[in-house]
Amino acid sequence: MRILAIETSCDDTGIAILEENKGAFKVLTNIVSSQTIHQNYGGVFPMMAKREHQKNLVPVLVSALGEAKLVETKPQELDDKQHKHLTQILEREQELLSQLVEFLQTHKKPDIDAIAVTYGPGLEPCLWVGVNFARALSYAWNLPLIPVNHIEAHILVNFLQNKEIYPVKSAKSGAAPEAQQFNRVKFPALSLVVSGGHTQLILVKGVGKYKIIGETRDDAAGECFDKCAKLLGLGYPGGSIISKIALEVTESPVHLPRPMFNTKDYDFSFSGLKTAVLHETQGKEITPEYVKEVSYEVQQAIIDVLLKKTLQAAADFKAKTIILGGGVSANQELRKQFAAHAQVPVIFPEPKLSTDNALMIAVTAALRPKKKRWQSLKANANLRVGK
Ligand code: KG4
Ligand code: ZN
């Protein structure tokens with residue numbers, strides 16, 4: 001099965017094409033167009049991001065099909081009924097509609113078997129552009145539509161190893177195919193999904209079997225990185241910038257709190273850390289050296305709480321694997337410290353698959369191919385796993 005997947009839940013426009021054959025994956029393309037417009041504002045404005053997705057989607061689709069060698073030009077007219085449906089589906093995305101109609105009138109249907117799309121959680125206007133684009137393609141090409149939960153995708157992208165997973169032959173014949181196929185992950189597993197919008201600890205009893213056991217009560221860890229970076233006069237997204245700057249020192253005289261470090265639950269809180277950085281920096285001269293020291297301490301404070309709560313939860317739930325996912329899991333220092341302290345194997349995606357991308361959506365669709373009709377799919381900004 002060949003899946004074309006679309007991701008637009010925040011500020012990255014992504015399209016990937018994945019081929020799945022008896023449990024083995026082959027990545028044909030994975031294009032992420034990161035919107036640079038938000039760098040000037042230190043955060044993402046949903047309506048601005050939606051406009052950028054509208055502009056980007058067809059060009060990214062053309063590049064993806066080109067890279068996968070699935071593009072074939074052929075002039076063809078759309079009939080009145082097709083025009084009517086497409087206009088209905090993309091009623092609120094006029095710019096996208098005209099680009100898509102032009103594309104469909106000049107290109108043959110590619111050799112694809114299904115369309116997958118993120119339908120939540122995320123920024124509502126952004127999710128809707130992707131969902132409506134996917135609905136339009138599903139209608140135009142008469143293909144099934146697979147809705148994907150973005151958080152589940154941050155977890156399941158870990159089942160894609162070096163572009164391909166080869167089912168491992170089990171010594172015991174008759175072992176469950178799941179156990180053979182996902183040999184890197186042993187269940188129950190514990191997943192920490194840390195991104196710009198979420199910080200959740202999720203107990204993973206199997207593919208599709210999730211329970212959220214803890215989460216942030218206010219800001220997400222990535223959001224905290226971004227807000228602290230803004231206070232330090234650094235750019236957006238702040239996480240990767242802070243992590244680079246933090247590398248330049250090996251200790252820091254600055255001390256910041258570790259919120260909720262000693263609570264007995266598996267929840268987090270990061271808004272106090274941002275406020276502490278605000279107080280710490282007020283009235284100080286922000287020299288390059290000072291920025292390095294604060295960056296180092298912000299990163300370590302975030303890692304300390306994530307690590308403590310994750311290891312505690314892993315021990316309490318007897319997890320056999322720890323799975324990291326989400327943009328913050330691209331952080332090298334976090335990876336290093338998790339790997340050094342955990343009692344069980346820690347698995348994380350390669351950095352470019354930690355941050356938002358459509359390949360994770362394709363992998364999830366391949367592992368969990370629940371289909372919907374284009375008529376009935378809706379975006380759900382507050383979607384949760386395990387419901
Ligand atoms: O998963 P993601 O790409 O988008 C959401 O679903 O939110 O995560 C984006 C977040 C941003 O807050 C960004 O600052 C953070 O991930 N991030 C990092 C790093 N790279 C991205 N945080 C810490 N260290 C990094 N290297
Ligand atoms: Zn994400």
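A polar contact is a pair of N or O atoms within 3.5 Å; within protein, one must be able to donate a hydrogen and the other to accept it, and residues adjacent in sequence count only if both atoms are side-chain atoms. The model discussed here is predicted: local features need pLDDT of at least 70 and side-chain atom pairs pLDDT 80 or more, while totals for chains, interfaces and linings use all residues. Residues are numbered from 1 along each chain as its sequence is written, chains are lettered from A and ligands numbered from 1 in the order in which they are written, and side-chain values use heavy atoms, with hydrogens and water left out.

Two such contacts involve Q337. Its side chain is joined to that of Q300 by a polar contact of 2.9 Å, and to that of E333 by one of 2.8 Å. Q337 sits in helix α11 (residues 332-341); helices (H or I, at least four residues) and strands (E, at least two) are DSSP runs, numbered from the N terminus. Apart from neighbours within four places in sequence, Q337 is in contact (heavy atoms within 4.5 Å) with Q300, I303 and L307. Q337 is buried, with a relative accessible area of 13%; buried means under 20% relative accessible area, exposed over 50% and partly exposed in between, using a 1.4 Å probe and protein chains only.

The strands come next. An open sheet of mixed pairing is formed by 5 strands in the order β3-β2-β1-β4-β5, where two strands pair if DSSP finds at least two bridges between them. Its edge strands, each pairing on one side only, are β3 (24-34) and β5 (145-149). On average, neighbouring strands of this sheet are turned by 20° against each other, direction ignored. Strand β4 (residues 114-120) runs parallel to β5 and is joined to it by 5 bridges; T118 has V148 in β5 as its bridge partner.

Two helices lie across strands of this sheet. Helix α1 (residues 46-67) lies across β1 (2-7), β2 (12-21) and β3, at about 30° to β2. Axes are lines fitted to C-alpha atoms, for helices over the stretch in contact, and angles run from 0 to 180 degrees between N-to-C directions. Helix α13 (residues 359-367) lies across β1, β2, β3, β4 and β5, at about 130° to β1. In α13, 9 of its 9 residues are buried, among them L359, I361 and V363.

H150 and H154 both belong to helix α5 (residues 150-156), 4 residues apart, about one turn of the helix. An α-helix has 3.6 residues a turn, so residues three or four places apart point the same way. H150 is buried at a relative accessible area of 5%, and H154 is buried at 0%.

Ligand 1 is surrounded by 20 residues, each with a heavy atom within 4 Å of it; the closest are G196, D226, G239, G327 and D356. An oxygen atom of ligand 1 lies 2.7 Å from an N or O atom in the side chain of D226. A polar side-chain atom of H150 is 3.2 Å from an oxygen atom of ligand 1.
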